[in-house]
Amino acid sequence: MKVMIVQPIHENGVKMLLNAGFQVIQASSPEPSVVAKEIVDCDGVIVRTAPFTAEIIRNAPRLKVIARHGVGVDNVDIEEASKHGIYVVNTPNANALSVAEATIAFILALAKRLKQMDSATRKGDFKIRDQFSTMDVDGKTLGIIGLGRIGSLVAKKCQAAFSMKVLAFDPYIDAHKARELNVELVPLEQLLRESDFVTIHVPLTPQTRFMIREDQLKLMKPTAYIINMARGPIWDELAVLKAVEEGWIAGAATDVFIQEPPRDDHPFFKCEKILLTPHNAALTKECVIRMAEGAAQGVIEVLTGRKPSFPVNLDLLKKYGKI
């Protein structure tokens, strides 16, 4: 059997597939039109962030499993895959630690104004220290939108390290789990009004697309910060820029963009109060191994006739009578 890797993954994952007896090929380009031509005789595929479209799926009659190298599956046409009886699996336990740590790094960098302080110091502006413009994190209120694996870990670490009060908005989390985490479940509007730091950890769905717009940002404190660690279309980028530039909020940070890579003239680039990283929060040396091995394991499970550990489309497969 043959497995395609759309974008490069860590060699550990490739070795797992080879040791399981599969032929492994690398797509010559992640462009959907190229993948659609090259995937025709493949039984499995590992996808990172490249689009995996209905066209690709319809061109792969032998395909049995699509493994997402990561958690979010918004780049995969799950509906089309399910219609063809193809399992979609992901690696939900692989990146929580890495993304949680990156979130905390953003919180500290924003609070201590590290970007501005570094820039001023390099320019000889040592007097910036007398602005008294940084803030302590200890004891502040953290608002978490999405209390899944990553959000829960952020809560635990911020409570342990900084004694932060944690509010959360997540309609899919019950009160029992919230109590276990010592987190108060509140409506989104209350979370935005009361939090000193707001961090986003929800999947991109029709319900979460552009859930943060001008109206929501205007609820926040002028001293508060917002961080997007989920997907670019969760918030309105131009509204975030306006909120920062006009002083509705103190600043923002994001690891994700609506268009990736962002355009050279992306409006965030001109704003020093918005910290940016290139969707690499999960791409630590350790995490890329966990994701590659997890994705490979998902492929191996399905292609050897075993029940996959982390399927994401069971309900749809049942709906279409495929399982």
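In which sense do β10 and strand β11 (residues 251-254) pair, and over how many bridges? They pair in the parallel sense over four bridges; two strands count as paired if DSSP finds at least two bridges between them. Helices (H or I, at least four residues) and strands (E, at least two) are DSSP runs, numbered from the N terminus.

The model is predicted, so local features need pLDDT of at least 70 and side-chain atom pairs pLDDT 80 or more, while totals for chains, interfaces and linings use all residues. Residues are numbered from 1 along each chain as its sequence is written, and side-chain values use heavy atoms, without hydrogens and water.

Select β10 next. Y225 stands opposite G251 in β11, and Y225 is also the bridge partner of F197. Strand β9 (residues 197-200) pairs with β10 in the parallel sense, over four bridges. Y225 and I227 on one side of β10, and I226 and N228 on the other, are all buried (under 20% relative accessible area, 1.4 Å probe, protein chains only). In a regular strand the side chains alternate between the two faces of the sheet.

Now show F197. Its contacts (heavy atoms within 4.5 Å) include I107, L142, M164 and Y225, leaving out residues up to four places away in sequence.

Of its 37 residues, L142 and F197 touch the most other members. Helix α5 (96-111) is one of the elements that supply at least two residues of this core; α5 gives the largest share, nine residues. Another core, of 31 residues, lies apart from it, with I145, V186, I226 and L241 among its members.

Conventions
Core = buried A, V, L, I, M, F, W, Y, C linked by side-chain atoms within 4.5 Å. Buried < 20%, exposed > 50% of the residue type's maximum accessible area, 1.4 Å probe, protein only.
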